[in-house]
Amino acid sequence: MRVCCGLTSHLELARRPDLYGRPVIVGRWDEHVVAASEETLPFGVIPGMALRQAEHLCPQATFVLPDEEATARIRELISSALYDLAPVVEVRDEGIAWLDISGVATAGLSIRGAHHRLLKAIGREPRLGLAPGPFSARLAAARARPGRLLRVADARDFLAPLPSRELPLDAEQLERLDLLGLRTLGSVASIGPRELESQLGHEGRRAVLLARGLEPDQLVAWRPPLFSSAHRQFGEPVEDREALLFVGRALCGDLADELGLRGAGAKHVRVRLEVESGDPETRESIVRHPLSSAAELFGLIGSWIKEWQPRAPITELWIELPVLEGAGRRQLRLWAGGDGSSEEVTAALERLQERFGEELVWKPTPHLPIHGEVARLTAT
Amino acid sequence: MQAEKLELAIDSIRVRFGSQALTLAAELPPPQPWSSRTPVDRLTGIAGLPRGRLALFTGNGTCGKLTLALALLANATHEFAHAIVIDGGGFDPLTLLPFSPELGALTVVSAPAPEIAGEAAAALARAGAGFLLLMCDLPEHWLGPLESGANRSGTVLVAVVDAPDRALAHASSFSLGFSRRDWIWERGQMVGLRVSARCVKNRVAPPLGEAELEIRYPLGNRQLSDYHASVAEVPSPVEELLQCASAVV
């Protein structure tokens with residue numbers, strides 16, 4: 001297992017790039033600090049402490065209310081941006097992005113891609129770590145310089161000198177470790193898992209495995225949402241078919257970009273026209289092979305629009321993709337170079353048949369001639 | 001002076017955007033050839049039809065361009081998993097039988113309109129079909145996707161048209177113009193034709209002039225699969241003279 005970890009600032013802080021370089025504390029009044037910028041660290045502010053205490057320690061900081069919805073959007077954005085770089089991707093609000101690049105043929109390209117995309121999404125150079133598991137990769141990233149990658153070959157050797165407070169334990173458990181004299185991960189690794197389990201419960205066993213670099217935790221793979229849509233509302237109701245085609249093409253382009261980021265394809269396509277008066281008109285189809293490019297999407301949707309006879313002027317155009325196929329096809333390419341396969345050509349032929357009719361594609365089949373007859377060919 | 005300025009500009013682009021930002025055409029790797037085992041291989045200059053590029057066979061009337069394309073198609077059915085004909089209405093698979101094709105690999109797309117033909121060609125080139133024979137006009141806006149798709153997948157593209165429009169001529173990397181020289185008569189029966197194939201455009205290698213081809217039609221009332229048709233190159237008079245001269249010397 002090889003895991004790359006990209007470490008950035010907390011995603012709550014990424015919502016306000018205008019405040020980069022200044023002390024910022026995110027949290028609600030009478031609650032705990034959700035996130036604090038690096039500039040508040042010298043004042044002793046840490047996430048999890050009471051906001052009143054943080055204000056007392058660093059009164060000059062800018063206080064920002066958390067926005068869980070916006071943070072979730074940023075997390076989804078980063079996840080989808082990283083999704084085609086590795087088969088398993090996990091992004092957390094704390095500003096941690098993991099990519100499991102085990103088996104990826106072009107791991108270097110994936111790491112470089114992750115660096116660029118995190119920089120673009122967050123606006124700050126991420127720290128990168130490459131190690132055999134998520135825990136050691138995160139610690140390696142935390143020790144890398146901004147924009148640089150720290151590689152770890154042997155996780156146990158790397159972890160041994162690090163303080164034991166890096167373990168994901170609560171304050172009380174960390175204090176007990178300190179009382180037991182286990183102040184480095186090396187000392188935690190040297191005792192048996194059962195011994196620490198008897199002291200800290202199940203968490204103790206996990207802590208020993210982590211300290212030994214055995215990485216008991218697996219990444220929780222991000223999965224793209226299985227629905228997507230795009231729409232355009234017209235200022236003035238539209239009657240012109242060309243205008244509708246133009247907008248349809250643009251929406252297909254947007255959807256194709258999004259599908260490309262997710263590495264997904266549409267198995268079900270629905271077009272809805274909101275008309276000036278009356279119920280909306282809808283047309284939908286399930287496609288045998290998923291559509292992912294703008295040309296494929298517009299090929300189908302454009303043909304519908306060209307023959308559509310709406311009852312009234314159109315006020316809004318919706319293109320919905322209610323069923324998206326997983327990114328298997330796209331991700332498989334991470335292991336294989338080159339383009340084109342017999343299966344893809346067959347899929348392309350079937351897509352053409354779906355759109356233009358079965359009779360568009362045919363294969364000449366020979367019929368063995370009876371004596372005295374000439375050879376015949378039939379279409380199948 | 002101008003050359004110095006140009007060199008300076010090239011250097012500054014390379015410093016700013018990297019050494020690969022600008023490449024001399026002569027330094028570009030040539031496209032990979034697909035050896036068709038026909039006389040066309042010699043004319044392309046790379047010992048085969050260029051993969052991922054569009055080759056164009058043109059000529060008015062009966063001049064052998066389609067027969068040669070069918071010979072290529074038949075060879076392609078033996079070498080590729082998918083040899084596909086994009087047909088605008090003139091393709092008869094029976095005419096392919098004398099060339100002994102592997103029919104399992106052959107697929108025909110009967111496109112009722114150029115728009116559909118264009119879309120089908122672009123989609124199949126992108127998907128990685130081994131060989132595409134285009135027997136109809138393609139709209140100009142599909143030529144770009146077709147070129148880029150074929151370029152990525154290495155599809156061999158051959159188009160057969162009487163007279164190409166400007167866009168198609170521009171999109172092609174290799175263009176062969178055919179003209180009929182004379183008919184071949186044997187025992188009072190017309191058995192084929194002699195044509196001149198001239199390279200009128202070549203973006204993959206220096207143009208190599210022309211060749212004279214002899215195209216034999218299938219004859220007799222035997223079963224079609226037994227007919228023997230062929231496309232063979234015949235030495236030009238100049239080459240014959242040179243051979244005679246070398247023999248004398």
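Trainee: In which loop of chain B is B:Ser100 found?
Mentor: This is a predicted model. In it, B:Ser100 sits in the loop between strand S4 (83–87) and strand S5 (106–110) of chain B. The residue has a positive phi of about 55°, although it is not a glycine.

Trainee: What about A:Glu215, what is its phi?
Mentor: The phi of A:Glu215 is positive, about 50°, and this residue is not a glycine. A:Glu215 belongs to the loop between helix H10 (202–211) and strand S9 (228–238) of chain A. With 18 other C-beta atoms within 10 Å, A:Glu215 is partly exposed.

Trainee: Let us turn to the sheet in chain A. What is the order of its strands?
Mentor: The order is S5-S6-S1-S7-S8 (chain A), in an open sheet of five strands with mixed pairing. At the edges are strand S5 (88–92) and strand S8 (149–151) of chain A, each of which pairs on one side only. On average, neighbouring strands of this sheet are turned by 15° against each other, direction ignored.

Trainee: And how do S1 and S7 of chain A pair?
Mentor: Strand S1 (residues 3–7) and strand S7 (residues 127–131) of chain A are antiparallel, with five bridges between them. For A:Val3, the bridge partner in S7(A) is A:Ala131.

Trainee: Which strands does helix H3 of chain A touch?
Mentor: Helix H3 (residues 68–82) of chain A packs on the sheet and touches S5 and strand S6 (96–100) of chain A. The direction of helix H3 makes about 160° with that of S5(A).

Trainee: Where does helix H4 of chain A lie?
Mentor: Helix H4 (residues 107–122) of chain A lies across S1, S6, S7 and S8 of chain A. Helix H4 runs at about 15° to S1(A).

Trainee: One more topic: which helix holds A:Gly302?
Mentor: A:Gly302 is part of helix H12 (residues 294–307) of chain A. A:Gly302 counts as partly exposed, since it has 15 C-beta neighbours inside 10 Å.

Trainee: Which residues does A:Gly302 touch, leaving out those up to four places away in sequence?
Mentor: On that basis, A:Gly302 touches A:Leu245, A:Gly248 and A:Arg249.

Definitions and conventions:
Residues numbered from 1 in each chain as written. Chains lettered and ligands numbered in written order. Predicted model: local features only at pLDDT ≥ 70, side-chain atom pairs only at ≥ 80, totals over all residues. Pairing = 2+ DSSP bridges. Helix = DSSP H or I, 4+ residues; strand = E, 2+ residues; numbered from the N terminus. Axes fitted to C-alpha atoms, helices over the stretch in contact; angles between N-to-C directions. Contact = placed C-beta atoms within 7 Å. Buried ≥ 20, exposed ≤ 12 C-beta atoms within 10 Å, placed from the backbone.
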